[in-house]
Amino acid sequence: MFFARLRTDIRCILERDPAARSAWEVLTCYPGIHALILHRRAHWCWNHGFKWLGRAISQFSRWLTGIEIHPGAKIGERVFFDHAMGVVVGETAEIGDGCTIYQGVTLGGTSLYKGTKRHPTLGRDVVVSAGAKVLGGFVVGDGAKIGSNAVVIKPVPAGATAVGIPARIIMPKGENAGDAAMSTPRFSAYGVTPEDDPLSQAMRGLIDSTAAQDHQIALLWKAVEQLSRQRSFGNAQGDCVPQDAARAECFEAEKLAQLIGK
């Protein structure tokens, strides 16, 4: 059982980290896997009544790896603590299968009442990026992504992305939360995708809308000019369209789109 889980842990690191060159390198040089091995011992002690011993093992793991995991926390299979210096995982936190957690992450609690669910539950294949703080006893759905330095204080639906302080929820395009949970997730390092910035999305929408309006205004003035010329043919008054009418598009949509990284 121990060696089977160890092989699974090593395999998932080799799949997600292009810097990992061999199983031996992962086993000897990756603090994330050392933290998992020690946590499983500490968690067994905690569940079997050896509370102090469990805490002692977790403190030794913290000193050795820089990753602080409370022995009461529940961690699933194929979890990867990438770099992970400064990670803190609280007592009632639960981390689902296939999750990836980067450095500086806190899975913390906001309640002081003992015996309650104070820390978050991460579903399957969740990515929590560097510096993110997930605070509270709520659920982060399967396949969700937490952006770097985000402060998450409310549930995150499956497949969604949480970014900002406090975190804003961005739902995946073309699918709802249920579809996202059922689909096979595609791993994204540090949870980074081009569509995860809500401010950029808003700016892109405004730029596209303004460019479309500018195009329509130019077409309308051209139509008005053409009708004016037809009606005034042979009339001395000539063209009645104002000289400053916008007959051509002047809104620089491409230049603005480049500024926001579209």
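This is a short tour of the structure above, one selection at a time.

Before you click, note that this is a predicted model, in which local features need pLDDT of at least 70, side-chain atom pairs count only at pLDDT 80 or more, and totals for chains, interfaces and linings use all residues. Residues are numbered from 1 along each chain as its sequence is written, and side-chain values use heavy atoms, with hydrogens and water left out.

**Stop one: helix 3.** Select residues 31-47. Helices (H or I, at least four residues) and strands (E, at least two) are DSSP runs, numbered from the N terminus. Helix 3 has 17 residues and reaches 24 Å from first to last C-alpha, close to the expected 24 Å (1.5 Å times one less than its number of residues). Twelve of the 17 are buried, that is, under 20% relative accessible area, where exposed is over 50% and partly exposed lies in between (1.4 Å probe, protein chains only). Show Ile33, Leu36, His39 and Trp46, which are among the buried ones. The partners they and the other buried residues pack against include helix 1 (2-16), helix 4 (51-65) and strand 1 (68-69).

Zoom in on Leu122, whose bridge partner in strand 11 is Val140.

**Stop three: the core.** Which residues have the most contacts inside the largest nonpolar core? Select Phe81, Ile95 and Ile146, in a core of 32 residues. Such a core is a set of buried Ala, Val, Leu, Ile, Met, Phe, Trp, Tyr and Cys residues joined through side-chain atoms within 4.5 Å. Apart from it lies another core, of ten residues, among them Leu6 and Tyr30.

**Stop four: Thr161.** In strand 14 (residues 161-163) you will find Thr161, buried at 4% relative accessible area. Its side chain makes a polar contact with that of Lys145 (3.4 Å); here that is a pair of N or O atoms within 3.5 Å, one able to donate a hydrogen and the other to accept it, and residues adjacent in sequence count only if both atoms are side-chain atoms.

**Last stop: backbone details.** Ile165 and Pro166 are joined by a cis peptide bond, with omega about -15°. Finish at His83, a residue other than glycine with a positive phi near 65°; His83 is exposed at 51%.

Conventions. Pairing = 2+ DSSP bridges. Contact = heavy atoms within 4.5 Å.
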